[in-house]
Amino acid sequence: MKIRVLGAGAGGGFPQWNCNCLNCRRIRRGEMRGRTRTQSSIAVSSDERHWVLFNASPDIRIQLEAFSAAHPRTGIRDSGIAAIILIDSQIDHTTGLLMLRESTVPLQIYCSEMVRADLSSGFPIFCMLEHYCGIEHHPVPLDGSAFEIPGIGDLRFYSHALKSKAPPYSPHRHDPHEGDNIGVVIEQISTGRKVYYAPGLGEIEPHVEHAMMTADCLLVDGTFWQEDEMGRAGIAHKLAREMGHLPQSGPDGMIQALDRLHDPRKILIHINNTNPILDEDSPERGELAAHGIEVSYDGMEITV
Ligand code: MLT
Ligand code: MN
Ligand code: ZN
């Protein structure tokens, strides 16, 4: 199967429009070896014609234009994007749905009941889209069981709930519910090869560890290097784990978790603009490389 990283950045992208942190300042000035990144999304396919979009980023228009495999092929209106899986209801993962409103068929959206509720209330884009192409919501399992998507042959998906937090506009922001955020194993049926995708992963619970152990490739939360990175940058006193993101460094951080796994290819995604790993010459980036961990970038193509 093929995975295309459409956007490897976290919310805000890199650089972020109003951010003057060390990374944003240095990349703008051309003082840093690194790449800019749009907001978080991937596309997955087994035949390179029919793609499942994971998350719809505010940057989707430019991401899809840069991705010729999903361009229209037949008729006056067409797209290689056959269905959309949403892992949460955050702005960086859902706002792009509004940019898909010209679709000639209802958008086929696979997400949890919690995400459906958020996107029908606090951020009612599902309701808004009813005035355009409309949507068809398909609930996803939260217990790790399988689902398939009509028209997407040879791929099977297994979704499970993750510990996290609903977005600020969610009616249950301060009252976490199962399904506010999910992780997904994507399996190519004919080969048995598996990818695990979890761009927002606050805690490695046993079922998460199990999913990671069975995968051939991991695309997991690369948001922050440090627990107090936002505070250190002088931006906000929110801790990484409080935001539902496991930092890479430190005890019980992502590097330690990934070190326990020997088989899969390990790739970080959803990188926040404050993260020092964006600087390809940083010691932190060197440390990742020493642990065999890659950092994804816009346009990266992965064959599993
Ligand atoms: C997050 O995952 O915490 C988001 O990137 C926050 C946001 O989009 O504002
Ligand atoms: Mn995000
Ligand atoms: Zn910044």
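Q: What spacing do the donors of the zinc ion (ligand 3) follow along the chain?
A: In this predicted model, the spacing is C-x1-C-x2-C-x248-N. The residues concerned are Cys 19, Cys 21, Cys 24 and Asn 273.

Q: What makes Cys 19, Cys 21, Cys 24 and Asn 273 count as coordinating the zinc ion (ligand 3)?
A: A donor is an N, O or S atom within 2.8 Å of the metal. The SG atoms of Cys 19, Cys 21 and Cys 24 and the OD1 atom of Asn 273 lie at 2.3 to 2.4 Å, so they meet that cut-off.

Q: Why is the arrangement around the zinc ion (ligand 3) called tetrahedral?
A: Four donors count as tetrahedral if all angles lie between 85 and 135 degrees. Here the four donor atoms subtend angles of 106 to 115°, and the arrangement is therefore tetrahedral.

Q: Which residues surround ligand 1?
A: They are Gly 11, Gln 90, Asp 92, His 245 and His 270. By class, this shell has four polar residues, one charged and no nonpolar.

Q: How far from an oxygen atom of ligand 1 is a polar side-chain atom of His 245?
A: For His 245 the distance is 2.9 Å. An N or O atom in the side chain of His 270 is 3.3 Å from an oxygen atom of ligand 1. The protein covers 70% of the 270 Å² of accessible area that ligand 1 has on its own.

Terms used: Residues numbered from 1 in each chain as written. Chains lettered and ligands numbered in written order. Predicted model: local features only at pLDDT ≥ 70, side-chain atom pairs only at ≥ 80, totals over all residues. Heavy atoms only, no water. Near = heavy atom within 4 Å. Polar contact = N/O pair within 3.5 Å; in protein donor to acceptor, adjacent residues only side chain to side chain. Areas by Shrake-Rupley, 256 points an atom, 1.4 Å probe, with all protein chains shown as cover. Nonpolar A, V, L, I, M, F, W, Y, C, P; charged D, E, K, R; others polar. Donors = N, O, S within 2.8 Å, 3.2 Å for Na, K, Ca; no water. Tetrahedral: all angles 85-135°; square planar, octahedral: opposite > 155°, others 65-115°.
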